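Subject: Structure handover

Hello,

Here is the structure I promised to pass on. Please open it and keep it beside this note as you read.

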Amino acid sequence: MEAVQEQIIRSNCRGCHGGCGVLVHVRGGRITNIEGDPECPTNHGTMCSRGLAFKELVYHPDRVTYPLKRTGKKREGKWQRISWDEALDTIATKYEEIIAKYGAESIVLGQGTGRDYEAFLYRLANLLGTPNVLTAGHMCYVSRVGATLITCGGLPVCDYDKDPKCVMVWGCNVVWTNPDEYTGENLSRVLSEGAKLIVIDPKLTYLAGRADIWLQLRPGTDTALALGMANVIINEDLYDKEFVEKHVHGWDEFVERVKEYPLDKVEDITWVPADKIREAARLYAQTRPACIQWGVAIEQTINCTDNNRILTDLMAITGNLDIPGGNAFFVPPPMRTVSQFGMHRELPPEQREKQLGGNTYKLAQRVALVTPKVVWDAILTGEPYPVKAVQLHGSNPVITRANAREVYRALSQVDFLVVADFFLTPTAELADIFLPAATWLEMNYLGQYWCRGGYIFPRRKIVQIGECWQDHKIFMELGKRLGQKEYWFDTVEDAFDYILEPTGLTWEKVEDMPYLRGEMEYRKHEKKGFSTPTRKVELYSTTFENWGYDPLPQYREIPESPVNRPDMASEYPYILTAGARLPVFFHSENRMIPWLREIHPDPIVEIHPETAERHGIRDGDWVFIQSPRGRVKQRARLTTGINPRVIAAQHGWWFPEVTTPGHGWDRSNINIITDNDPAGYDPPMGSTNLRVLLCNIYPAEEED
Ligand SMILES: Nc1nc2c(c(=O)[nH]1)N[C@H]1C(S)=C(S)[C@@H](COP(=O)(O)OP(=O)(O)OC[C@H]3O[C@@H](n4cnc5c(=O)[nH]c(N)nc54)[C@H](O)[C@@H]3O)O[C@H]1N2
Ligand SMILES: Nc1nc2c(c(=O)[nH]1)N[C@H]1C(S)=C(S)[C@@H](COP(=O)(O)OP(=O)(O)OC[C@H]3O[C@@H](n4cnc5c(=O)[nH]c(N)nc54)[C@H](O)[C@@H]3O)O[C@H]1N2
Ligand code: SF4
Ligand SMILES: [Mo]
């Protein structure tokens, strides 16, 4: 018998936000193994469990591999296979009707997190004329991009390559999450080389256990903590005087604001002892270079933008911005940017004006996205105008957005819902048209195009599964049917050539290269200043002053907290922090992947043993977590690594193995009990509070 030759193809994983170089083994046209690429500069051969298990997703028996049209009622599970032509023609016809009757703004295009096709989605949206793009960006990453844009002109990223001597990990579990442009492997390397570690986290994570200083704060109080640190840095003269003199705007006003946060007050707010705050501030300010590794938990509260601003301010006043080993601005290869390809300038100003919530959440409008509730409201009430169609790519909002029951109601009621996914998720089950998407192993692409790490990693098409299409192609072919022919391309590779044009390269050349990297330059501000209106780091934001927001960062108490709602103490005595990630799952994904689910079969809620004892809860018991919005069930894990007044639940749970409609979407889904009342939103961004609320916990009886 002739042996089948094995081929090994280099590519770049995107089982999460992406970025890990991989070697894909293929035999007889089938992927047999995926391993880390030792030569890739971002992961050096390491991989996580999700990447290693990805072939189980590619070949999963439940994957939908051709377009579907719903024939029965929503959730009845009656579908008919249709062709791509029929699917796209149906969508295009519907959109033309909606545009003629209601205007393009009545169509909402949406995507999930870090999907690597946002440039194509925006191109379609902007050419269509809808200002309503729905992403996770209001409370994740784009909020950081927006806050840093107005503060220092761009997103500062930890420069692990240049060996920071101190890393302050702020609400981030980077060794599990490898978020955005980061991989935890790089942090681990600098720690093993002796860098100091400060961790700010309400939970004793692996990193907190390894830290030189761990600040176990009350969830949601980060802005007060950071203002307290700034207080120490200023009072003890630990700031970089030369940088402050030359490169910051609003120093005096900032100093006045910081004075409002003396350490005794900050200790009261945050529960962190003043001495520890002082010690951490000194270590960060006195160790050069130092960087701040920021995480998402601090963006998912009412303090979102100010949290991001005050951390940027700490980088600036300690002289750690735009320097090797600090928080640096990486330079991308000189290709067309996501906003250029996305054609943001083509959206007519009168359409931009119509953005849902745009006049309320001005920073969200500046970064061209909407907060979800404005869409649900427009669907459910028709105000300020009706939303008639929603098209979601790679997002499962019924599980991942606050107040899931409202999300469910809205997506059940919207006239026309299109979902592109790999599986019929609880969100996809509500769709009128389902489009089967290709995974990263089934597409060519310029991986990490959206990230700020300065790299582009070619991602290569290795297999074709059924009739699945990469999302880029879906947007392109739909656009062509909607009168946008002249703006699109024959193939997606032609689109990449257009993106690459300024580099003088083409996809054909790039696909065989290990990566593209922009030429790094530090201390650009010394020559050109920062890209802000004053050319300085705006501790006092002139943009916010113009927009009518507080120009200086301030701490806002979480609306549903023990401080603000003492009246809730007897019924809801605990603070819930909802949503820390697990290594084996990506949000609501992967529950159907046997290798991964075996490691983590059930949703877990962490509670302190004292709290558990008070309620008669034993380790492993099923418990209800209850908020004023309802209750969900998870399994208790007892840990002393959490404050007895705090409870930490997981997000993202549904049960693909449950065959009834909805797949148990409301059993353990923590967003059933989170709130999306705008009173809890971050004012400029409309960031929803997904993380911090009040709850109670009690054992679930067997029959429950
Ligand atoms: N309570 C609470 N809720 C949270 C969070 C929290 O911390 N706490 N975190 C929030 C954050 S930060 C985020 S970013 C959101 C994430 O929210 P989402 O982006 O909605 O979450 P996912 O579950 O990752 O993605 C949904 C779907 O995308 C599909 N998918 C994956 N890749 C592709 C692709 O390339 N193309 C297509 N078409 N489909 C694809 C998957 O199969 C999955 O069904 O969740 C948020 N929800
Ligand atoms: N395996 C895996 N990786 C992922 C994801 C995933 O779902 N699974 N999701 C991706 C996405 S979209 C994102 S946004 C990133 C997020 O990546 P990370 O920022 O690392 O996110 P989390 O793990 O949610 O939170 C990090 C830490 O914040 C702590 N925390 C909770 N509340 C607070 C608080 O109020 N203050 C502070 N200081 N800390 C707090 C938690 O205990 C946790 O240890 O991860 C990405 N990577
Ligand atoms: S961290 Fe993300 S990119 Fe890296 S192997 Fe895991 S899933 Fe893939
Ligand atoms: Mo996220």
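First, a definition: contact means heavy atoms within 4.5 Å. Helices (H or I, at least four residues) and strands (E, at least two) are DSSP runs, numbered from the N terminus.

Some background on the source. This is a predicted model, in which local features need pLDDT of at least 70, side-chain atom pairs count only at pLDDT 80 or more, and totals for chains, interfaces and linings use all residues. Residues are numbered from 1 along each chain as its sequence is written, chains are lettered from A and ligands numbered from 1 in the order in which they are written, and side-chain values use heavy atoms, with hydrogens and water left out.

**Helix packing**

Two packed helices are described by the angle between their axes and the distance between the axes. Axes are lines fitted to C-alpha atoms, for helices over the stretch in contact, and angles run from 0 to 180 degrees between N-to-C directions. Angles under 35 degrees count as roughly parallel, over 145 as roughly antiparallel, 65 to 115 as roughly perpendicular and the rest as oblique. A crossing is left-handed if the near helix is turned anticlockwise from the far one by less than a right angle, and right-handed if clockwise.

Start with helix 9 (residues 222-235) and helix 14 (residues 304-317). Their axes come within 9 Å and cross at roughly 20 degrees. Helix 9 is therefore roughly parallel to helix 14. The crossing of helix 9 and helix 14 is left-handed. On the helix 9 side, the residues are D222, T223, A226, L227, A230 and I233. They meet D306, N307, I310, L311, L314 and I317 of helix 14. By class, this contact has eight nonpolar, two polar and two charged residues. For the classes, Ala, Val, Leu, Ile, Met, Phe, Trp, Tyr, Cys and Pro count as nonpolar, Asp, Glu, Lys and Arg as charged, and the others, Gly among them, as polar.

Helix 14 also packs with helix 5 (residues 142-152). The angle is about 50 degrees, and the axes are 9 Å apart. Helix 5 and helix 14 are therefore oblique to each other. Their crossing is right-handed. Helix 5 brings S143, R144, A147, T148, I150, T151 and C152 to the contact. Helix 14 brings C304, T305, N308, R309, T312 and D313. The classes here are four nonpolar, six polar and three charged.

Next, helix 3 (residues 84-102) and helix 21 (residues 471-481). They pack at about 55 degrees, with axes 9 Å apart. Helix 3 and helix 21 are therefore oblique to each other. Helix 3 passes helix 21 in a right-handed crossing. W84, D85, L88, D89, I91, A92, Y95 and E96 of helix 3 make the contact with I474, E477, L478 and R481 of helix 21. Seven of these residues are nonpolar, none polar and five charged.

**Ligands**

A residue is near a molecule if one of its heavy atoms lies within 4 Å of it. A polar contact with a ligand is a pair of N or O atoms within 3.5 Å.

Ligand 1 has 33 residues around it; R115, T400, D421, S588 and E589 come nearest. A polar backbone atom of N396 is 2.9 Å from an oxygen atom of ligand 1. A backbone N or O atom of A578 lies 2.9 Å from a nitrogen atom of ligand 1. R581 places a polar side-chain atom 2.8 Å from an oxygen atom of ligand 1.

Ligand 2 has 33 residues around it, and N173, D201, D222, F585 and R691 come nearest. A polar backbone atom of N173 is 2.7 Å from an oxygen atom of ligand 2. A backbone N or O atom of F585 lies 2.6 Å from a nitrogen atom of ligand 2.

Which residues surround ligand 3? They are C13, G15, C16, G18, G19, C20, M47, C48, R50, G51 and N178. This shell has five nonpolar, five polar and one charged residue.

**Backbone**

The peptide bond from R288 to P289 is cis, with omega near -10 degrees. P289 sits in the loop between helix 13 (274-286) and strand 13 (290-294). E383 and P384 are also joined by a cis peptide bond, with omega about -5 degrees. P384 is in the loop between helix 18 (372-381) and strand 15 (389-393).

H44 is not a glycine, yet has a positive phi of about 45 degrees. H44 lies in the loop between strand 3 (30-36) and helix 1 (49-52).

Best wishes

How values were computed. Polar contact = N/O pair within 3.5 Å; in protein donor to acceptor, adjacent residues only side chain to side chain.
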